Amino acid sequence: MSGAPDYTEPVIGWRVWFTRDAEGKTRLRSLFHDLCWPVREPLTAACLRRRLPFRRRDHLAPAASCRCGIYATSLDRVASYLEPGWPPGRCDPGDPVVGRVLLWGSVVECEQGWRASLAYPERLYVPRPSTTGRDSRAARVALDLTDYGVPVALLEFDVADDIIAELTTAAA
Amino acid sequence: VEIGKPQREYTIEPLEDPAPREQPEERPAEPFEPELPAR
């Protein structure tokens with residue numbers, strides 16, 4: 001960044017992650033890229049679009065003309081990513097985690113969300129199907145995710161809409 | 001995630017670091033030789 005920034009407060013948005021095991025600990029993983037979110041340091045965006053010979057030169061992420069950057073959106077728009085069986089065709093995408101994320105650096109504000117160059121989770125919610133017992137896998141995931149140094153909560157639910165309703169109430 | 005078309009661009013430089021970085025461990029105080037008063 002050069003020159004004076006336009007703002008000094010990070011944008012707060014919502015997003016969904018999957019989880020991934022990394023050296024025996026559960027870590028956040030981006031939905032569309034096999035990218036692990038680092039613990040206690042910001043994730044820095046890079047353009048991961050396939051580099052083809054005729055594609056224009058590499059650029060800093062996010063670029064308004066590209067689709068790159070670290071994404072966040074509103075709470076109501078993340079619901080579809082929490083449905084069981086999403087994404088279709090994947091056997092074991094990992095456990096979904098929903099949460100608020102701070103975005104800063106270079107930001108491209110879009111119609112329904114943002115793309116940014118730097119991000120870090122602000123708080124995390126680990127959905128736990130209400131049919132599972134207390135010693136569920138979700139509890140272990142939640143415990144591991146406390147390594148990120150942000151509040152982590154378990155969220156009991158029956159359907160994805162329950163999660164959104166619960167979080168909407170909490171955010172109000 | 002579909003978030004629509006870009007509307008505007010800006011920069012954000014938070015006053016405080018948003019990531020709760022690891023606190024560096026405090027170095028234990030090193031033993032030192034007390035200065036003896038000159039005779």
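A: Let's start with a definition: two strands pair if DSSP finds at least two bridges between them. Keep in mind that this is a predicted model.

Q: Okay, how do I use that on S6(A) and S7(A): how many bridges join them, and do they run parallel or antiparallel?
A: Here 6 bridges join the two strands, and S6(A) and S7(A) run parallel. For one spot to look at, find A:Arg128, which stands opposite A:Glu156 in S7(A).

Q: Which way do S5(A) and S6(A) pair, parallel or antiparallel?
A: This time it's antiparallel, over 11 bridges. Look for A:Val98, which faces A:Tyr125 in S6(A).

Q: How many residues of S6(A) are buried?
A: Buried means under 20% relative accessible area. By that cut-off, 14 of the 17 residues in S6(A) are buried, so the strand is mostly covered.

Q: Now helices. Which residues of helix H1 of chain A are buried?
A: First the general idea: an α-helix has 3.6 residues a turn, so residues three or four places apart point the same way. In H1 (residues 137-145) of chain A, the buried ones are A:Ala138, A:Val141, A:Ala142, A:Asp144 and A:Leu145. Look down the axis of H1(A) and these buried residues fall within an arc of 160°, so they line one face of the helix.

Q: What about the other side of H1(A): which residues are exposed there?
A: On that side you'll find A:Arg140 and A:Leu143 exposed.

Q: What covers the buried residues of H1(A)?
A: Several strands of chain A are included in the cover: S1 (11-22), S2 (25-29), S5 (96-110), S6 (113-129) and S7 (152-157).

Q: Last one: in chain A, where is confidence lowest and where is it highest?
A: As a general rule, where pLDDT is low, the predicted coordinates should not be read in detail. Chain A averages a pLDDT of 85, and 84% of the residues score at least 70. Confidence is lowest in helix H2 (residues 160-171) of chain A, with a mean of 76, and highest in S3(A), at 97.

How values were computed: Residues numbered from 1 in each chain as written. Chains lettered and ligands numbered in written order. Predicted model: local features only at pLDDT ≥ 70, side-chain atom pairs only at ≥ 80, totals over all residues. Heavy atoms only, no water. Buried < 20%, exposed > 50% of the residue type's maximum accessible area, 1.4 Å probe, protein only. Helix = DSSP H or I, 4+ residues; strand = E, 2+ residues; numbered from the N terminus. Arc of directions from axis to C-beta. Contact = heavy atoms within 4.5 Å. pLDDT = per-residue confidence, 0-100.
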